[in-house]
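Hi everyone, thanks for making time for this. I'd like to walk you through one structure, starting with its aromatic rings and then moving on to sheets and helices.

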Amino acid sequence: MSRALTPNILTPQDLDPNWNWEGRLPAWGHTSVDFERRVDHDRLRRYRLSRTREALKKSDCGTLLLFDVNNIRYVSATKIGEWERDKMCRFCLLTGDDAPYVWDFGSAAVHHRKYADWLVPDHCRAGVVGMRGTIPPSFGLMRKYAEEIAGLIRDAGMAGQPVGVDYAETAMFHALQEAGLNVVDGQQVMLSAREIKNWDEIQLLTQAASMVDGVYHMIYENLKPGVRENDIVAMSNKLLYEMGSDDVEAINAISGERCNPHPHNFTDRLFRPGDQAFFDILQSYQGYRTCYYRTFNIGRATPSQHDAYVKAREWIDASIAAIRPGVTTDQVAKLWPKAEEFGFPDELSAFGLQFGHGLGLALHERPIISRAVSLDNPMEIQTGMVFALETYCPASDGYSAARIEEEVVVTDKGCEVISLFPAEDLPIANRY
């Protein structure tokens, strides 16, 4: 039997991230070929399950019960589409060294038994609980599955040990407690597991970033008067899905007087000559996310707009230069201006503007880097982390602003930037 077919039998080598820091990080093509070693999905699955078991052993929990679809995918390598992200209809159980159980939406469980040969067939089960309350707790499904989960935990010899739950419907928490389970926070266990990316995860994140490189070139060519913010959003969605994106989570498109303060959305505003405009592309390839801002001017730029861009660039360059294993997040956050220095009353009001956040199966993983949290709660940066760094600088004209974001992979000696659309200087699209 192949290792792919024995998910409950892992070896110490499965925890090896298999990094290769020699030369530039490759961005492989998206298909499988026989003449290059690209993403090894069996190795990826074994690594993620091994990381989760290791994190579970280091915690006070004996079991993890997961409803967060990112955690379910990390542990079981199952995914049934973005439509299920907010439905709270799937769940996964990992108890000790047992193979994971997955309760999935109707026929998806049958599909897993047929095609997901890294899972134990009997552990792929049909099941649903509340679907955000649309199936009322009084119907009894939550009680039924809570009792089934409690039985599996007893069978695994983990009765009495805390059960880490990432999140669930309130009624499901009550059902689990009524079934005799001691429910504790399991999200921190999973975030610990997901902190360090192996070589395959880094490849997928790099491939995802390379897709956004192409989107920004398209945006650069199309920014002109007569085009609207939502037109750019539509064209970006089309191009990303054509390139193989499995989820365009959001695209921010912000221009002109909408730039300050940052609204984090898009409208049907028409671009005008001289507008400063910035964009954020949030999408995933095989589940692995991008968060990648770029700022442009349309036709021309004023000295005030240039100055804002130069400051945003200086702040982000300083933080990139500081990134290396062993540095703590407070050291990076201190390189960024205080909220009051760029027009905000306090750090929470400016949260997310001078910012760093982990990237993986979720848009926001560890580490979080912000003056609002990192100065008092620093975290050590480690080899194999992948995260985004983003800065924002309002212009002196009172309405323009520059926004830049770079994605970095922490290597053994420093970091490598994987968001490559040129941003050293303010790009002027369709210059007059």
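F342 and F344 are both buried, where buried means under 20% relative accessible area, exposed over 50%, and partly exposed in between, with a 1.4 Å probe and protein chains only. Before I go on, a word on the source: this is a predicted model, so local features need pLDDT of at least 70 and side-chain atom pairs count only at pLDDT 80 or more, while totals for chains, interfaces and linings use all residues. Residues are numbered from 1 along each chain as its sequence is written, and side-chain values use heavy atoms, with hydrogens and water left out.

Now, the rings. A pair of aromatic rings is described by the distance of the centres and the angle of the planes. Rings of Phe, Tyr and Trp (its six-membered ring) pair if their centres lie within 6.5 Å; planes under 30 degrees apart count as stacked, over 60 as edge-to-face and the rest as tilted. That rule gives 19 aromatic pairs. One of them is F91 with W103, which is stacked, at 4.8 Å centre to centre and 10° between the planes. This pair links distant parts of the chain, with F91 in strand β2 and W103 in strand β3, 12 residues apart. Helices (H or I, at least four residues) and strands (E, at least two) are DSSP runs, by the way, numbered from the N terminus. F91 counts as buried because its relative accessibility is 0%, and W103 counts as buried at 0% too. Back to F342 and F344: their ring centres are 5.4 Å apart and the planes sit at 55°, so that pair is tilted. Ring pairs also join Y216, Y220, F271, F279, Y292, F296 and F421 into a cluster.

Next, the sheets. Two strands pair if DSSP finds at least two bridges between them. What is the order of the open sheet of 6 strands? It runs β4-β3-β2-β1-β5-β6, with mixed pairing. The edge strands are β4 (124-126) and β6 (183-185), each pairing on one side only. Strand β5 (residues 163-165) pairs with β6 in the parallel sense over 3 bridges, and G164 has V184 in β6 as its bridge partner.

There is also an open sheet of 5 strands, ordered β12-β11-β13-β14-β15, with antiparallel pairing. Here β12 and β15 (415-417) are the edge strands. Strands β11 (residues 355-358) and β13 (residues 386-394) run antiparallel and are joined by 4 bridges; H357 has A388 in β13 as its bridge partner.

Finally, two helices. Helix α6 (residues 187-194) has 6 of its 8 residues buried, so it is largely enclosed by the rest of the structure. Those buried residues are Q187, V189, M190, L191, A193 and R194.

With 15 residues α8 should span 21 Å, and its end C-alpha atoms are 21 Å apart, which agrees. Which residues of α8 are buried? They are E229, I232, V233, S236 and L240. These cover an arc of only 100° around the axis, which puts them on the same side of α8; the arc is that of the directions from the helix axis to the C-beta atoms. On the other side of α8, K238 and E242 are exposed. After α8 comes G244, with a positive phi near 115°.

Key:
Expected span 1.5 Å × (residues − 1).
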